[in-house]
Amino acid sequence: MTNLSPAHSSCALSIIILAKANTSYTFRQMLDSLRHQSIGAPEILVIDCNSAGDPYSLSLQEDISRLGDVRLLPPQGHRTIGEACNTALEQCCGDYVCFINSSDEWYASKAERQISLLEQAPDSPACCCNGYLHASTSSGLDSLLIFDQEDVQISRWLTTDQFAVSSQILYRRSALRDAGGFDAALNVCLHQDALIRLSEHAPVIFCREPLFECSGASALSSPQQEYAAAKHLFYKHYDMLLKNRREYQRCSFHLGKL
């Protein structure tokens with residue numbers, strides 16, 4: 001494994017992969033798509049989200065030890081994914097940062113397109129792009145777009161599917177750090193909470209152009225964690241919801257379904 005001390009030189013983009021129980025072919029295919037971005041190879045860090053000594057952890061260490069352009073952070077021992085992401089946020093060096101928790105495939109222009117949009121709006125803290133979700137082959141459906149149009153009602157971001165897939169959001173790292181990073185209490189719904197907080201200061205950019213394909217579901221969450229996160233966010237952003245009774249009722253219904 002490479003030196004894990006924080007890098008001091010700046011780079012365009014850092015991609016942080018949250019790896020759990022996944023050192024499969026699709027994982028390596030995702031790495032190839034990250035390496036071949038049109039802006040040039042980004043900095044890639046992998047957080048080992050397995051337990052220390054777990055067979056998947058040992059396999060991940062073995063696989064990444066052969067890759068000279070990937071830095072592996074060892075099992076963190078953190079209580080939450082939010083804490084692990086904040087640790088990686090301090091380790092990376094990119095002006096922009098993205099977090100991935102599933103085996104997605106990026107189109108070559110993805111990073112360049114999102115960074116270009118952020119450079120055109122220097123006050124914006126983040127850019128959320130569109131992408132394709134691979135539907136189940138048994139359903140007979142083709143891949144579906146994550147969203148048809150951006151949702152401008154911020155209170156709806158608590159439960160919207162627009163932030164349900166990794167790879168969507170590219171953050172301006174300085175903005176995310178200034179906002180305190182991710183909520184350390186969360187294992188899931190990290191982006192919904194971060195974007196709501198960041199949008200208080202400047203609007204988030206939505207790019208309707210599909211720039212990646214999601215080829216697998218996250219292995220990081222469970223129904224229990226999803227319920228706990230939804231409940232935490234419901235009470236955390238309670239004042240915002242009270243301003244819109246319909247959204248308050250909608251979020252209450254969502255919480256009841258989990």
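A residue is called buried when its relative accessible area is under 20%, exposed when that area is over 50%, and partly exposed in between (1.4 Å probe, protein chains only). Helices (H or I, at least four residues) and strands (E, at least two) are DSSP runs numbered from the N terminus.

The structure is a predicted model, in which local features need pLDDT of at least 70 and side-chain atom pairs count only at pLDDT 80 or more, while totals for chains, interfaces and linings use all residues. Side-chain values rest on heavy atoms, with hydrogens and water left out, and residues are numbered from 1 along each chain as its sequence is written.

**Helix 2**

Helix 2 spans residues 55–64, and its buried residues are Ser57, Leu60 and Ile64. They lie on the same side of helix 2 because they cover an arc of only 60° around the axis, the arc being that of the directions from the helix axis to the C-beta atoms. An α-helix has 3.6 residues a turn, so residues three or four places apart point the same way. The packing partners of the buried residues of helix 2 are strand 1 (11–19), helix 1 (25–35), strand 2 (43–48) and strand 3 (70–73), where contact means heavy atoms within 4.5 Å. At the start of helix 2, the backbone nitrogen of tyrosine 56 has a side-chain oxygen of aspartate 54 within 2.7 Å.

**Salt bridges**

A salt bridge is a side-chain nitrogen of Lys or Arg within 4 Å of a carboxyl oxygen of Asp or Glu. The structure holds 10 of them, including those tabulated here.

| Aspartate 69 | Arginine 35 | 2.6 Å |

In the salt bridge between aspartate 69 and arginine 35, aspartate 69 belongs to the loop between helix 2 and strand 3 and arginine 35 to helix 1, so the pair ties together parts that are 34 residues apart in sequence. Aspartate 69 is partly exposed, at a relative accessible area of 36%.

Aspartate 183 counts as buried at 13% relative accessibility, whereas lysine 236 is partly exposed at 36%.

Arginine 197 and aspartate 193 are both buried. They are 4 residues apart in helix 6 and therefore separated by about one helical turn. Asp183, Asp193, Arg197 and Lys236 are linked in a network of salt bridges.

Methods: A polar contact is a pair of N or O atoms within 3.5 Å; within protein, one must be able to donate a hydrogen and the other to accept it, and residues adjacent in sequence count only if both atoms are side-chain atoms.
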